[in-house]
Amino acid sequence: MLSYLRHIYTQKSFFQEFSLFFKGGQGDFEKTFLDSYTIRIFLISAFWIGVPFICWASLPHYQLQVAYDAGNRILHGTMEVSFSKQDYPAEELFFALPMNRFVEPDPRGILKHLDTPMFIVSGLRKGNSDPAFPEGFSPGYTTILSVTNTAGNSFPHTIEDNPDLAVGYSTKQGLLKIQTTDLGTTDKIQIEFETKLPIRFHEGVVETELLTAEWHPRLLRFKNRNWPTSQLEPSPGNYQVSFRSSQSGSLITTTWASKITKNQTVVLPVSKRPLKYFPLVFSPRYHFLAPPFPAGIKSSKNYPQKTPFTKGGRGNLETQTSSGRVDINVMTLTNNPYRAKMLKQWTGVFIQFMKTQYGLSPPWQQIDIVEIHGNQEKIQVLNNLILVTTPHYKRSEIMDRRILTFLIRGLGEMWFGETVWNNNDTQLWLRLGLPAYFSLKFFESEYGRDAGIFDFVDWLNPHYKEHFFEEMVRTIPTEQQQPIISSIQQTEQTRLLLRVITYKTALVLSMLEYVLGKNSFKKGLQHFYNQHQHQLATIEDLQHSMERNGKESLTWFFHQWFHTTNTLDYALAEHSYQSLANGRYQTSILVKRVGTATMPVVIEMKTQVGVMLQQQISGDKQEESLTFISDSPPADVSLDPEEQLLETSRANNHSFYFFRVRFIFDWKKQREIMITLTPRAGSNAIDGNQIGLEAKTEIDQYMFRVTPGYGFKSKENLYFLEFRRYSFALNNLTLALRASKIGGAQTRGLRLEYQGLAAEVAYEEVFETDRSEESISSVVESGNTSHLKLSHIGRAGFKRLYFPSWQIEMEQSLVDLGADLQYTILDGALAHAFRVGFRKYLRWTWRAATTDGMTPQQKKHQLGAPSALRGFPLQTRLSGDHLLLTRLEFEFPLVTSPLWGNVSSLGFDGILFYDQGKIWPIGGTYDDALLRKDAGFGIQWRVDALALFQVPLRFAIAYPLDDPEYEEHQFILEGVHFF
């Protein structure tokens with residue numbers, strides 16, 4: 001061995017090429033990378049010094065010359081691919097043509113976006129367009145111009161479809177197949193190609209900005225005698241790239257960032273490590289943060305002093321770690337120096353946090369924070385490029401903490417996702433969940449374990465861990481729960497699975513740290529990272545690393561939390577105490593395991609003099625008893641007092657209750673019983689305008705609501721009471737008991753709801769109603785009625801082009817239960833929505849309703865109302881027994897780019913509409929009824945307030961047409977209704 005090494009070291013060119021290799025200079029690739037002596041000594045040296053063994057010689061090397069035609073959005077390139085023949089079959093090679101994913105819309109369905117959902121009170125249903133296309137679908141493609149060897153001789157090749165691509169990507173022309181039976185001794189192929197870039201965020205051109213990481217043919221890895229054409233695993237390589245542009249601007253890549261002039265050719269430094277892709281970012285509009293100052297943190301202290309940018313956090317403007325200097329550069333489009341400096345300094349703080357807390361050195365010596373166009377708040381990480389979308393720069397300063405949470409979660413991907421690789425189907429926990437765990441711990445270290453997402457009072461300030469993590473897991477319906485290790489490609493509930501993969505993984509890893517202890521967890525994480533750099537890693541690899549420092553197997557932990565949907569819940573079942581003869585007190589406590597998962601549980605008892613006592617139980621039994629001996633009687637008992645465990649309920653963990661009353665609403669902690677007081681307003685034909693104050697609370701599966709109010713027209717005191725039980729006997733089955741006095745009737749009833757189906761049985765007393773102001777003669781009616789009401793709501797979608805929806809309702813009076821008034825009501829609506837362009841929809845709704853029998857005024861159908869003919873007022877004279885109407889709407893975008901700030905717009909659309917309909921009494925005919933018509937214009941605004949409230953608003957003005965009785969227009973403010 002020593003003689004062999006001596007022979008290698010005596011080679012004349014070794015030191016020159018080895019020096020050039022590590023300086024990232026430009027040289028002949030064949031000498032620099034594939035020289036057999038260089039490769040051998042590098043691998044032997046790496047093995048001796050403990051660097052993870054990476055067989056770089058087996059990776060393909062791409063030597064590319066690319067010219068960018070900015071006006072036509074075209075990249076013209078020539079590529080020489082060098083590879084090890086022994087790693088590929090002799091007869092053929094397959095190259096992916098990733099840009100052909102955008103040749104045409106995929107008829108199989110919509111792309112499953114991997115953007116992790118964020119915590120909001122209520123979400124709006126997204127449209128059926130890819131949000132990465134700002135102007136609707138724009139085609140992109142790669143054309144192969146030639147395939148030759150180094151001598152210029154052509155290789156036989158074909159372009160083939162790739163049906164293995166994920167749904168949402170075009171399968172056409174996805175693969176380049178090259179016949180290599182005549183390859184001979186050569187291990188190089190030259191390809192000339194042309195790539196047309198779509199108008200698309202993150203993988204194309206928007207305005208003047210180019211951003212792409214999938215711009216050239218990529219040689220697939222041949223693994224286990226198969227070609228992984230699904231491309232769910234990386235196909236890494238080494239890169240040597242030269243770039244030229246038809247216009248001046250700034251070029252930003254993994255190895256280089258600078259301004260270039262028109263038609264200037266720049267030879268980029270050779271990549272010193274295997275890369276999954278080689279991103280190109282180019283724009284004439286970039287501003288480099290000036291003056292260019294390095295970020296840094298002095299390693300002599302854990303953290304530096306506070307700065308004006310941190311708002312209570314820690315961080316300054318320089319990063320220095322034990323592994324050497326890290327240069328952090330910022331390039332912006334909007335030239336926002338405040339936000340740019342904030343992002344830069346917090347990147348440095350997070351890098352130091354990872355080094356100090358987990359012993360993980362930064363994987364890159366240079367990190368570039370690059371602003372990119374986008375219509376969503378997103379942080380994307382490509383190698384060492386931290387891509388921050390423009391909305392983050394346009395948010396006001398009150399949103400700083402929220403922006404930091406996006407940033408630090410993205411930064412974690414530099415270690416896990418971009419250095420340690422993962423399968424993008426079943427192992428997304430590594431790229432999404434592990435970085436989320438680091439962001440959770442970093443946020444807690446900066447602001448405290450119970451900190452809110454904003455820097456103001458607790459009210460209206462959701463807690464980062466509890467709401468942005470735990471609630472995202474707890475609120476997933478039981479029947480839609482999926483294990484963390486699940487296929488993202490096969491699931492129909494993509495967004496729900498992303499919540500599990502991201503937030504549940506972060507919380508599970510936090511529990512693993514709790515079980516192992518900080519030191520053992522840190523060592524296990526270091527081993528996992530060091531052993532799997534530039535390799536695919538699995539959950540089994542993480543388990544193996546975590547078991548190295550312990551004596552027991554962790555299969556029980558990893559199986560139940562990563563491979564099952566078992567839930568965790570412990571309840572304080574009983575507790576009592578008695579006096580002992582020696583004057584002390586013995587407290588007996590019974591803990592019951594309600595869930596199926598098991599974890600060690602801490603029980604804490606507080607005595608009446610304030611002494612805190614703790615014990616821990618294994619938690620693997622259905623019931624466990626324990627005793628405390630204390631000098632004074634117990635005051636409070638709590639399970640898991642530090643809330644380390646991911647339980648489905650914490651309300652049953654304490655011997656006492658937490659109560660809170662708030663106006664309108666508040667961010668309820670999971671253990672609390674909170675009562676909210678909310679103003680309510682409405683109107684109907686009987687009571688006119690009405691106001692009230694709702695008091696509401698929810699406890700586990702129960703909801704209580706009471707709303708007293710007043711009707712200005714009827715001059716009646718009104719009320720609405722409801723008791724609701726969720727998951728009654730079955731999942732998704734809800735039982736509600738209701739009592740109300742509103743709209744001219746007192747009602748007491750029972751309602752069952754199940755996934756779009758509802759049944760209601762109610763007893764009503766119709767009280768006196770005087771309609772003299774709105775009808776020819778005064779009508780006074782009263783009586784009792786009992787009824788059964790059945791309803792169903794449903795919707796469907798076909799080919800992303802047609803979306804039908806329907807609603808059917810039947811109400812029948814029950815004579816056997818003492819009804820004075822006998823009637824039958826049928827009401828049905830069918831809506832059709834046709835997508836006719838980007839964010840453009842044509843909607844047609846048909847509604848028919850009829851009654852039979854002695855129908856009270858309160859049950860008659862209303863022709864004038866926002867849900868019927870919008871141009872007519874809500875009056876009893878516009879009510880009747882039979883109704884037929886149609887509504888036609890055309891929805892189109894008014895603003896294509898979202899507006900950002902504290903209150904943002906996620907969509908600003910215009911609506912043109914036309915309504916027509918008739919209403920007539922029993923005994924009348926359709927032909928005799930007056931046809932009423934209206935038309936108008938509306939604005940639909942999806943408001944995003946503080947990125948927490950998403951409120952759909954609809955403003956409209958409607959005009960009656962050719963109607964002598966009604967000529968006044970109507971202003972309408974409503975939500976976005978399903979019908």
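What percentage of the 979 residues of the protein chain counts as buried?

A: Happy to. This is a predicted model, so local features need pLDDT of at least 70 and side-chain atom pairs count only at pLDDT 80 or more, while totals for chains, interfaces and linings use all residues. Residues are numbered from 1 along each chain as its sequence is written, and side-chain values use heavy atoms, leaving out hydrogens and water.

First, the overall picture. Of the chain's 979 residues, 53% count as buried (under 20% relative accessible area, with exposed over 50% and partly exposed in between; 1.4 Å probe, protein chains only). The accessible surface comes to about 42700 Å², and carbon and sulfur atoms hold 53% of that area (Shrake-Rupley method, 1.4 Å probe; for residues, only the protein chains shown count as cover). The chain contains 13 helices and 47 strands (DSSP runs numbered from the N terminus: H or I of at least four residues, E of at least two). Among contacts with a separation of 6 or more, 63% link residues 24 or more positions apart (contact: heavy atoms within 4.5 Å).

Now to the patch. Strand S39 (823-837) and strand S40 (840-853) each supply at least two of the patch residues. One member, Leu-842, sits in S40, and at 34% relative accessibility Leu-842 counts as partly exposed.

S40 runs antiparallel to strand S43 (residues 882-895), joined by ten bridges (DSSP must find at least two bridges for strands to pair). In that pairing, Ala-849 faces Leu-883 of S43. S43 also pairs with strand S44 (residues 903-920), again in the antiparallel sense, over 13 bridges. There, Phe-890 stands opposite Leu-912 in S44.

For comparison, here are two sheets elsewhere in the chain. One is open and antiparallel, with three strands in the order S23-S24-S27. Its edges are strand S23 (570-579) and strand S27 (623-630), each pairing on one side only. S23 meets strand S24 (residues 585-593) over nine bridges, with Ala-571 opposite Lys-592 in S24. The other open sheet has three strands in the antiparallel order S26-S25-S28, with strand S26 (612-617) and strand S28 (634-639) at the edges. Strand S25 (residues 601-607) pairs with S26 over six bridges, and Glu-604 stands opposite Gln-614 of S26.

A last stop is the loop between S28 and strand S29 (658-663), where Glu-643 is found. Its phi is near 55°, a positive value in a residue other than glycine, and at 14% relative accessibility Glu-643 counts as buried.
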